[in-house]
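Welcome! Let us take a friendly walk through this structure, starting from the inside.

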Amino acid sequence: MKASDGRLVLHILSDSTGETASAAASAVLAQFDALEVRRRTHVFVRSPRDVDAALARLREEPGLAVYTLTDPALAERLREGLDALGLRGVPLLDPFFQAVVEETGAHRAPARPGRQHGTDGAYFE
């Protein structure tokens with residue numbers, strides 16, 4: 001579905017719990033009146049197989065994909081898959097990552113999904 005008809009299928013992909021991507025999506029969507037949104041959430045997307053599973057759902061139910069994947073290889077796999085499907089994807093964190101790098105000269109730490117939420121074993125107990 002295209003947003004031009006007032007409806008949107010929104011696929012939210014995250015390599016952790018999806019909290020960050022869902023919050024960003026809610027903030028953006030709150031700015032639209034009378035928009036019918038069907039959310040499809042894909043959490044703990046941490047392997048090529050997980051990306052492929054999300055792409056399969058996107059193929060079945062096309063829409064806009066927003067994502068917070070910290071692993072560059074997985075993000076690239078998703079981008080390529082979306083391109084092949086003719087779908088749009090929005091990397092929610094990339095502009096912020098880039099701005100921090102440009103402002104500070106710092107380098108990103110190795111990707112560790114869920115880092116800010118502490119989703120280690122204790123999180124699930």
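Predicted model: local features only at pLDDT ≥ 70, side-chain atom pairs only at ≥ 80, totals over all residues.

As background, nonpolar side chains tend to be buried together in soluble globular proteins.

## One side of helix 1

Helix 1 spans residues 19–29, and A21, A25 and L29 are buried in it. These three cover an arc of only 60 degrees around the axis, so they sit on the same side of helix 1. An α-helix has 3.6 residues a turn, so residues three or four places apart point the same way.

What do the buried residues of helix 1 pack against? They meet strand 1 (7–14), strand 2 (36–42) and strand 3 (64–68).

## A histidine in strand 2

H42 lies in strand 2. Is H42 buried or exposed? H42 counts as buried because its relative accessibility is 8%, under the 20% cut-off.

The side chain of H42 makes a polar contact with the side chain of H11, at 2.9 Å. Not counting residues up to four places away in sequence, H42 touches H11, I12, L13, S14, A54 and R57.

## Around the aromatic rings

R108 lies over the face of F97, 3.6 Å from the ring centre. A search of the whole structure finds zero aromatic pairs.

Key: Residues numbered from 1 in each chain as written. Heavy atoms only, no water. Phe/Tyr/Trp six-rings, centres within 6.5 Å; stacked < 30°, edge-to-face > 60°. Lys NZ or Arg CZ within 6 Å of the ring centre and 35° of its normal. Buried < 20%, exposed > 50% of the residue type's maximum accessible area, 1.4 Å probe, protein only. Helix = DSSP H or I, 4+ residues; strand = E, 2+ residues; numbered from the N terminus. Arc of directions from axis to C-beta. Contact = heavy atoms within 4.5 Å. Polar contact = N/O pair within 3.5 Å; in protein donor to acceptor, adjacent residues only side chain to side chain.
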